[in-house]
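Please keep the sequence and the model in view while reading.

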Amino acid sequence: MIKKLQVKIVNNFWDPNSKNRCHGTEKKPIEIYLFIDPLCPECWALEPILKKLQIEYGRYFSLKYVLSGNLANLNLSRKKNYENITDIWEKTVSRSGMSCDNRIWFENPVDAPYYISIAIKAAQLQGRRAGTRFLRKIQERLFLDKQNVSDMNILKECAAKAGLDVEEFANDMHSESASKAFQCDLEITSEMDVQEIPTLVFFNENVEEEGIKITGIYHYEIYEQILEEMLTEKPVKSPLPPLETFFKIFKFVDSKEIAVIYNMTIPQIERELKKLLLKQVVAQIPAKYGTFWRYIKEDE
């Protein structure tokens with residue numbers, strides 16, 4: 001998962017009036033463009049680092065997800081191509097520790113990757129956070145449950161689980177707005193010359209300064225360092241919340257994610273999680289690799 005750092009300087013894309021920039025309730029000094037493919041296991045493996053950044057430094061940056069999958073390579077039908085994908089998934093598991101079940105490509109393969117991208121853009125029409133929740137549900141169904149996430153019934157289930165208006169979502173799936181939004185993402189990918197995923201591009205408010213583009217996944221400290229370099233003052237790290245509070249926010253996570261966030265080993269974090277299990281705060285969900293934990297206290 002960790003490889004030699006690839007950093008490039010790019011022209012500043014920060015434009016407060018641009019239709020492409022991140023929008024939120026407040027203006028933040030850093031804007032991060034995250035280029036992903038919903039079917040990419042490396043993008044899934046980035047989840048723990050993203051969560052930790054958002055917890056500790058979220059007040060300093062806005063995060064915009066940009067869909068930039070290589071659709072020509074993803075629209076696969078031959079068995080040998082599925083075999084290549086399963087090898088990639090297996091290697092990602094061994095490097096990152098994030099569970100992803102590669103048997104999907106022989107048991108229930110995704111047959112319409114383009115449809116998934118349109119669905120994510122449709123979800124984002126209900127808000128940036130809604131779109132992020134929907135993407136997570138898509139990834140869970142794909143990497144853990146081996147489900148064909150291009151199936152409309154599965155997409156609607158993910159929308160419901162993410163708290164979206166399902167009827168509005170279904171209508172937006174066939175709207176010009178969702179299609180244009182996806183085309184806009186592809187244009188941004190081309191404009192920033194993104195060749196690999198995942199890629200993160202950092203910009204600050206000073207349009208005279210260039211942005212920093214990072215391809216791949218690195219140690220958490222690398223992302224901290226970039227934030228510090230791009231801010232005018234040293235950022236103050238927010239404390240990590242108690243585990244129960246963490247689960248109230250993120251609901252469904254695996255041991256690896258929590259271990260990365262809390263700087264603990266998996267055996268250490270699972271001892272703490274078993275305390276929450278005994279208190280009936282979480283439920284334990286076995287996966288092909290590792291263990292997931294679901295917050296259940298609100299279900300009562």
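Predicted model: local features only at pLDDT ≥ 70, side-chain atom pairs only at ≥ 80, totals over all residues.

In which loop does Pro198 lie? Pro198 belongs to the loop between α10 (176–191) and β4 (199–204).

The peptide bond that joins Ile197 and Pro198 is cis, with omega at about -5°. As a general rule, most peptide bonds are trans.

Asp193 is also placed in the loop between α10 and β4. Its phi is near 55°, a positive value in a residue other than glycine. With a relative accessible area of 41%, Asp193 is partly exposed, because that value falls between the limits of 20% for buried and 50% for exposed.

## The loop between α13 and α14

Asn263 is located in the loop that links α13 (255–261) with α14 (266–278). Although Asn263 is not a glycine, its phi is positive, at about 55°. Most residues other than glycine have a negative phi.

Asn263 has a relative accessibility of 60% and therefore counts as exposed, the cut-off being over 50%.

Strand β3 covers residues 61–67, and seven of its seven residues are buried, so the strand is largely enclosed by the rest of the structure. In a regular strand the side chains alternate between the two faces of the sheet. In β3 both faces are covered: one side carries Phe61, Leu63, Tyr65 and Leu67, the other Ser62, Lys64 and Val66, and all of these are buried.

Strand β2 (residues 30–36) runs parallel to β3, and seven bridges join the two. Within this pairing, Ile36 is found opposite Leu67 of β3.

## The packing of α7 and α8

Helix α7 (residues 128–143) packs with helix α8 (residues 152–161) at an angle of about 130°, and the axes are 8 Å apart. This angle makes α7 oblique to α8. The crossing in which α7 passes α8 is right-handed.

On the α7 side, the contact involves Phe134, Lys137, Ile138 and Arg141; these meet Ile154, Leu155, Glu157, Cys158, Ala159 and Lys161 in α8. The residues of this contact comprise six nonpolar, no polar and four charged.

How values were computed: Residues numbered from 1 in each chain as written. Heavy atoms only, no water. Buried < 20%, exposed > 50% of the residue type's maximum accessible area, 1.4 Å probe, protein only. Helix = DSSP H or I, 4+ residues; strand = E, 2+ residues; numbered from the N terminus. Pairing = 2+ DSSP bridges. Axes fitted to C-alpha atoms, helices over the stretch in contact; angles between N-to-C directions. Parallel < 35°, antiparallel > 145°, perpendicular 65-115°, else oblique. Left-handed = near helix turned anticlockwise from the far one by under 90°. Contact = heavy atoms within 4.5 Å. Nonpolar A, V, L, I, M, F, W, Y, C, P; charged D, E, K, R; others polar.
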